[in-house]
Amino acid sequence: MDPTRDFVKNIKRVVFKVGTAVVTRNDGRLAIGRVGAIFEQLEELNSQGYEIILVTSGAVGAGCQRLKYRRLLNSSFADLQKPQVELDGKACAAVGQNGLMAVYDSLFNQLNITSSQLLVTDNDFKNPEFRTQLSRTVNSLLALRSIPIFNENDAISTRKAPYEDSTGIFWDNDSLAALLAIELKADLLVLLSDVEGLYSGPPCDPNSKLIYTYVKQKHQGVITFGDKSRVGRGGMTAKVKAAVSAADAGTPVVIASGYVSENIAKVLEGQRVGTLFHRDAHSWVTLNELSAREMAVAARECSTKLQSVSSEERSKILCGIAEALEENETVIKVENDADVAAAREAGYDESLISRLVLNHAKISTLAKSIRKIAEMEEPIGQILKKTELAEGLILEKTTCPLGVLLIIFESRPDALVQIASLAIRSGNGLLLKGGKEARCTNAMLHKVITAAIPETVGEKLIGLVTSKEDIPDLLKLDDVIDLVIPRGSNRLVSQIKSSTKIPVLGHSDGICHVYVDKSANIDMAKSIIVDSKLDYPAACNAMETLLVHQELSSSGSFQELLHELSQGGVTLYGGPRASSILNISEAKSFHHEYNSRACTVEIVDDVKSAVDHIRRHGSGHTECIVAEDVETAEYFLHQVDSAAVFHNASTRFCDGMRFGLGAEVGISTSKIHARGPVGVEGLLTTKWILRGNGHIVKGDEGVDYTHNNLVVLTEQ
């Protein structure tokens, strides 16, 4: 449930308004299937004890369609040659209301629901006695589980032009629905439309963004509405006006699509559907809060400024951030303690809490790594290759920033610091979305880091995304965001890839293997295995599967290896072969990342079987072979297709800092662009710079291509 919608837990009486565009099809005929689907949802709510009041449009449109058809049948060929007189709107309303209610009553009868019709006019509400009696009648109907259906009685209304006259107590069925919600003390008003909700611009504009919560102080006067409804009176302008009126009076309103399946149920479940209007909305958001696009554009603009400053200036910014972290350690730890306490109270696994903790040692390590990044060689503008294409025509391949990065990462606050540092050194703008469990810590770290960024660059260089509901909007910004790096499960990475046109650099499961060959030094193997598993069990580069050569399975050496793990508190699960020999529980799957003091053990025939096992069950992260036989080791190193493959070394070495990268954005299991620990280089791309002196192609006539590779001189 969205936090801003938790009030739905306490609602009972709901007014639903269905617009003409929802009730009718493009040809003017009733949309029986769509209306039926809406009524099924209302029936379910009615059975759950909700009090349902329905306000409907569509009578004039339905009557017009029927009368046009009848006139056509009764016309002679000569009549059809004459100019067709516009049908009287009030006559259309009278005919359409009769047909509309006949359909509604039939549909509700099929659902074993009794409906009732109440036609009202603007003049009725000028009478206090009418208002009192209206409330009594509706209360009686609701007590009998009947659904009252309201519509303006256009047939006898004194309003001159139903589609143009906007005077009076109410002026269309949107304003009628708002009036009834207030009069009948409804807990919620839902306006069903033909669009998903209120957009920042016309819904057809790809740059328009769905506004999930309308804040009058922020949005009024700055939103451009699209055309009015194709068949109704006012379209979105009328709905917003009605919604603001009801919300100001104390009745929350949601404008949502009547076309989307189960949308009504989603609204009442508190899902972030449509646009919410609430009297207290202004207190929920910062009035100058940026939209997803605004945040991304701001990050791009700031990154341009960052790229224009010198390497020394960027290094100075990083040193300032390192100093700020150390100076603000106390307040950072206060926020982190709150996150950790909340995680423990929620019953989260110790492995997650271990990643969540940000103590003195971690903060000191982070500050140290930031300073190391600051001391790195300037990454931007490095000449990778220099070629003379022709005399006086020199081509250079140089490094440059990617632009704006969107990083979605797990509940590891230290990751935020590492990623931000690498982005600054590489000249990139950054949008960060961390796990909700680290919300307080991430907010404080973001505040500390951005405060250290000078105004000449701008604190909006790094944006912090606080709601997962903003992610779909960000993933649409392929014209602003240049790379998405999701850190998490294969499922998360796959979801992101299928939801965006932006290139995705996947950091997924860390199912790391250690294979102990028959030629292994057992003492070395014990040391490597214990370190790979127990140095930091929650890390993505921790060993999750131990593969052992079959010739060791019957020897004391195998038992020694397992004893070392058991002594460290590791719970062992076996593959089919190991579980039967060791009498331990069988693992449910080889493709499992424990992130805790647990691992899978399996016996394999030889190094080829080990490689085959890793190909079938690995995640392409980090693998290790412990062996003294060089030929066997080389086979493993070259045949295993993972981002990092080690010989006689712990899997824990697969880390940006340990690789000398200063830090890492993540460990990429993708094969394109960057693979393994992604440091500054992984956040760069290249561009070609060509310097000439009036050279032209002109069909290559007279161009003497030399294509000489030139020596690239490095700055001392």
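What you're looking at is a predicted model, in which local features need pLDDT of at least 70 and side-chain atom pairs count only at pLDDT 80 or more, while totals for chains, interfaces and linings use all residues. Residues are numbered from 1 along each chain as its sequence is written, and side-chain values use heavy atoms, leaving out hydrogens and water.

Helices here (H or I, at least four residues) and strands (E, at least two) are DSSP runs, numbered from the N terminus, and two strands pair if DSSP finds at least two bridges between them.

Now zoom in on strand 11 (residues 404-408) and strand 12 (residues 429-433), which pair in the parallel sense over 5 bridges. Here isoleucine 407 stands opposite leucine 432 in strand 12. Contact means heavy atoms within 4.5 Å; axes are lines fitted to C-alpha atoms, for helices over the stretch in contact, with angles from 0 to 180 degrees between N-to-C directions.

Is asparagine 442 buried or exposed? Asparagine 442 is buried, at 3% relative accessible area (buried means under 20%, exposed over 50%, partly exposed in between, with a 1.4 Å probe and protein chains only). Leaving aside residues up to four places away in sequence, asparagine 442 touches Phe409, Pro413, Leu416, Gly434, Gly435 and Leu464.

Helix 17 also meets helix 13 (residues 329-345): their axes come within 7 Å and cross at roughly 160°. That makes helix 13 roughly antiparallel to helix 17 (over 145 degrees; under 35 is roughly parallel, 65 to 115 roughly perpendicular and the rest oblique). Residues making the contact include Val331 and Glu335 of helix 13 and Met444 and Val448 of helix 17.

Finally, the cysteines. Cysteine 302 is buried at 8% relative accessibility, and cysteine 624 is buried at 0%. A search of the whole structure finds 0 disulfides, meaning pairs of cysteine sulfur atoms within 2.5 Å.
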